[in-house]
Amino acid sequence: MVKYYEVRQDYRDIYDNFVPSSAMQVWNDGLPHVLPDRDSQGRRILMYRVGMWDLNKYSATECIRAILMCMEQMLEDEETQVNGIVFLGDYEGLSMSHLSKLGPTFGKRTIDAMQNAMPMRIKESHYVNEPKFFETAFGLFKPFLNEKLKKRVIFHGEDIGNLHKYVSSSILPSDYGGSKPPFDNSSWVKEMLAAEEAFKANNEFGLPPKRKSIDALGGNKEGKDASGGLVGAFRKLED
């Protein structure tokens with residue numbers, strides 16, 4: 001919990017205005033989506049189509065904000081808390097122009113928010129339709145992945161049949177060789193927008209200034225900080 005709120009405090013450009021209505025351009029372009037059906041292990045599938053990112057409309061930070069909001073909304077469901085999620089990234093249309101807007105700092109911040117701070121079980125990450133230069137793009141994120149998640153990354157290229165070995169075609173859109181209708185995130189967007197007030201309420205919580213939060217949470221004793229190893233007990237944080 002401490003790490004989660006520290007990340008929200010540190011990455012203000014991501015978490016300021018952290019409400020679904022702030023990401024309408026990203027939703028409308030069909031970049032992120034959560035499939036309505038779970039896989040055979042009860043996991044939700046979070047899809048994102050990087051090629052839909054319109055560089056003239058919004059930044060990479062706004063794309064990540066939308067994906068993080070999807071993750072937070074999924075966490076409201078107890079079954080998802082237990083079973084976790086699967087990422088499915090479609091990189092068709094990814095260009096060098098997209099890549100030029102990213103960098104190691106962006107990669108670190110993204111992984112920090114998703115892997116280190118979000119209380120979510122990320123069970124697998126699948127990549128399809130990767131361009132030839134995808135290794136360069138993935139290299140921005142790979143150094144920051146922990147060893148467990150590195151082992152859960154699976155590349156498929158254009159071999160959708162291989163994807164079906166992991167994610168059943170029975171829950172995938174027809175665009176991905178599935179039996180469901182073509183990709184359409186409109187129902188998920190409605191769910192996100194319906195949660196607007198809940199997001200606003202969550203935005204009211206946080207940590208006091210860094211120095212004060214570390215002291216109050218029992219940090220800096222025996223070389224331990226608040227996020228790396230809590231000592232003592234939680235207590236009320238005074239204003």
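**Exercise 1. The largest cavity**

Task: Find which element gives the largest share of the lining of the largest cavity, and describe this space.

Solution, step by step:

1. Start with the share. Helix α7 supplies five residues, the largest share of the lining of the largest cavity. Keep in mind that you are working with a predicted model.
2. Next, look at the volume. The largest cavity holds about 550 Å³.
3. Now turn to the lining. It consists of 27 residues, and those closest to the centre are Y48, I64, Y91, T110 and F141.
4. Then list the elements. Two or more lining residues come from each of α4, α7, β4 and α8 (134–138).
5. Finally, sort the lining by class. There are 24 nonpolar residues, three polar and no charged ones.

**Exercise 2. A second cavity**

Solution, step by step:

1. Count first. The search finds two such cavities.
2. Name its lining: I14, T61, I64, F106, R109 and T110.
3. Assign these to elements. Helices α4 and α7 each give two or more residues, and α7 gives the most, with three.
4. Sort by class. The lining has three nonpolar residues, two polar and one charged.

**Exercise 3. The largest pocket**

Task: Describe the largest pocket by its volume, its lining and its residue classes.

Solution, step by step:

1. The volume of the largest pocket is about 340 Å³.
2. Its lining has 16 residues, with Y4, E72, L75, E76 and N202 nearest the centre.
3. The elements that contribute two or more residues are α1 (2–10), α4, α7 (104–117) and α12 (196–202).
4. By class, the lining splits into ten nonpolar, three polar and three charged residues.

**Exercise 4. The sheet and strand β3**

Task: Work out the strand order of the sheet, then explain why strand β3 counts as largely enclosed.

Solution, step by step:

1. Write down the order. Five strands make an open sheet, β1-β2-β3-β4-β5, with mixed pairing.
2. Check the edges. Strands β1 (32–34) and β5 (153–157) have a single partner each, so one side of each lacks a neighbour in the sheet. From one strand to the next, the twist averages 20°.
3. Move to β3 and its pairing with β2 (residues 44–49), which is parallel and has six bridges. Here L46 stands opposite F87 of β3.
4. Repeat for β4 (residues 122–128), which also runs parallel to β3, joined by six bridges. In this pair, L88 has H126 as its bridge partner.
5. Follow the side chains. I85, F87 and G89 point one way from β3, while V86, L88 and D90 point the other way, and all are buried.
6. Draw the conclusion. Six of the six residues of β3 (residues 85–90) are buried, so the strand is largely enclosed by the rest of the structure.

Key:
Residues are numbered from 1 along each chain as its sequence is written. This is a predicted model: local features need pLDDT of at least 70, side-chain atom pairs count only at pLDDT 80 or more; totals for chains, interfaces and linings use all residues. Side-chain values use heavy atoms; hydrogens and water are left out. Buried means under 20% relative accessible area, exposed over 50%, partly exposed in between (1.4 Å probe, protein chains only). Helices (H or I, at least four residues) and strands (E, at least two) are DSSP runs, numbered from the N terminus. Two strands pair if DSSP finds at least two bridges between them. Axes are lines fitted to C-alpha atoms, for helices over the stretch in contact, and angles run from 0 to 180 degrees between N-to-C directions. On a 1 Å grid over the protein atoms alone, a cavity is a set of points where a 1.4 Å probe fits but cannot get out, and a pocket is an open set with protein on both sides within 12 Å along at least five of seven lines; lining residues have an atom within 4 Å of a point. Grid points are joined across faces, edges and corners, and a volume is the space filled by probe spheres set on the points. Ala, Val, Leu, Ile, Met, Phe, Trp, Tyr, Cys and Pro count as nonpolar, Asp, Glu, Lys and Arg as charged, and the others, Gly among them, as polar.
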